[in-house]
Every structure is written in C-alpha cells, then in structure tokens.
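Here is a short report on one protein chain. Look through the sequence and the structure, then read on.

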Amino acid sequence: MCLGIPSKVISIENSRAKIDVYGAQRDISLMLLEDQVNIGDYVIVHAGFAIQKLQEDVAKETLGYFDQYLKSLAIEEGM
C-alpha cells in the first residue's frame, strides 16, 4: 500500500525540487508532471517523482486529516 502525503515545494532547480513534509526534506524529480510547479505548491510524490500537483486547499485539508490521525496515535500510546 502506498500513502501519498501532500508535500510542499520549497525550492526548484531545473526539473528537480526540494519538498518538505512535516520537517523532513528530500529532493525529487518534476519530470513526470505536465503542470507548472512553483515554490509553495503542493505535490504528491511516488518513488522520488512528483506525480500530481494539488490545489492548496485540498492539500491543507488532507494534511489536517493526517494531523488528526497522528494525534489519535499519540493519545493511544499515552504520549
């Protein structure tokens, strides 16, 4: 199973970008995207490639669901 977490683009150089997800940063390729990507946009990444650009409101809504899930895990584990 693959879980796509919206990732924020924080820098772009040619066909490569650096993304940030909850403070974890990594370099990815933008070569598979047809849409223009800018700094501040959100993308879904699979195997090191951005495969879909997301609207900001959709990305933030999805991240809100992840936040709720992570909080519920912390409560279950007594943190």
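A polar atom of the Asp41 side chain lies 2.7 Å from the backbone nitrogen of Asn38. The model is predicted: local features need pLDDT of at least 70, side-chain atom pairs count only at pLDDT 80 or more, and totals for chains, interfaces and linings use all residues. Residues are numbered from 1 along each chain as its sequence is written, and side-chain values use heavy atoms, with hydrogens and water left out.

The Asp41 side chain also makes a polar contact with the side chain of Lys53, at 3.4 Å. A polar contact is a pair of N or O atoms within 3.5 Å; within protein, one must be able to donate a hydrogen and the other to accept it, and residues adjacent in sequence count only if both atoms are side-chain atoms. Asp41 sits in the loop between strand 3 (24–29) and strand 4. Helices (H or I, at least four residues) and strands (E, at least two) are DSSP runs, numbered from the N terminus. Asp41 counts as buried, at 17% relative accessibility. Buried means under 20% relative accessible area, exposed over 50%, and partly exposed in between (1.4 Å probe, protein chains only). Not counting residues up to four places away in sequence, Asp41 touches Ser7, Lys8, Val9, Gln36 and Lys53. Contact here means heavy atoms within 4.5 Å.

## Salt bridges

How many salt bridges does the structure hold? There are 2. The term means a side-chain nitrogen of Lys or Arg within 4 Å of a carboxyl oxygen of Asp or Glu. Lys53 and Asp41 form one of them, 3.4 Å from N to O. Lys53 lies in strand 5 and Asp41 in the loop between strand 3 and strand 4, so this pair ties together parts that are 12 residues apart in sequence. Lys53 is partly exposed, at 28% relative accessibility.

Glu56 and Lys60 also form a salt bridge, with the closest N and O atoms 2.9 Å apart. Both residues lie in helix 1, 4 residues apart, about one turn of the helix. Glu56 counts as partly exposed at 44% relative accessibility. Lys60 counts as partly exposed at 46%.

## Overall layout

The chain has 1 helix and 5 strands. From the N terminus, the elements run β-β-β-β-β-α. The C-alpha trace spans about 45 × 25 × 20 Å along its principal axes. Of the contacts with a separation of 6 or more, 34% are between residues 24 or more positions apart.

Helix 1 covers residues 56–76 and includes Glu61. Glu61 is partly exposed, at 44% relative accessibility. The C-alpha atoms of Glu61 and Asp27 are separated by 24 Å, and the two residues are 34 residues apart along the chain.

Buried residues make up 28% of the 79 residues in the chain. The largest nonpolar core has 10 residues: Val9, Ala17, Ile19, Ile28, Leu30, Leu33, Val37, Val43, Val45 and Ala50. Strand 2 and strand 4 each supply at least two residues of this core. Apart from it lies another core of 5 residues, including Ile44, Leu54, Ala59 and Leu63. A nonpolar core is a set of buried Ala, Val, Leu, Ile, Met, Phe, Trp, Tyr and Cys residues joined through side-chain atoms within 4.5 Å.

Which residues does Leu30 contact, leaving aside its neighbours within four places in sequence? They are Ile12, Ser15, Arg16, Ala17, Val37 and Ala50.

## Surface and loops

The chain exposes about 5700 Å², and carbon and sulfur atoms supply 52% of it. Met31, Leu32, Phe49 and Ile51 make a nonpolar surface patch of about 410 Å². Ile51 lies in strand 5 (residues 49–54) and is partly exposed, with a relative accessible area of 47%. Accessible areas come from the Shrake-Rupley method with a 1.4 Å probe; for residues, only the protein chains shown count as cover. Patches are made of residues with over 30% relative accessible area and no salt bridge: like charges are joined within 9 Å, nonpolar side chains (Val, Leu, Ile, Met, Phe, Trp, Tyr) within 5 Å.

Most residues other than glycine have a negative phi. Asn14 has a positive phi, near 60°. Asn14 lies in the loop between strand 1 (7–13) and strand 2 (16–21), and is exposed at 73% relative accessibility. Ala47 also has a positive phi, near 55°. Ala47 is in the loop between strand 4 (42–46) and strand 5, and is exposed at 64%.
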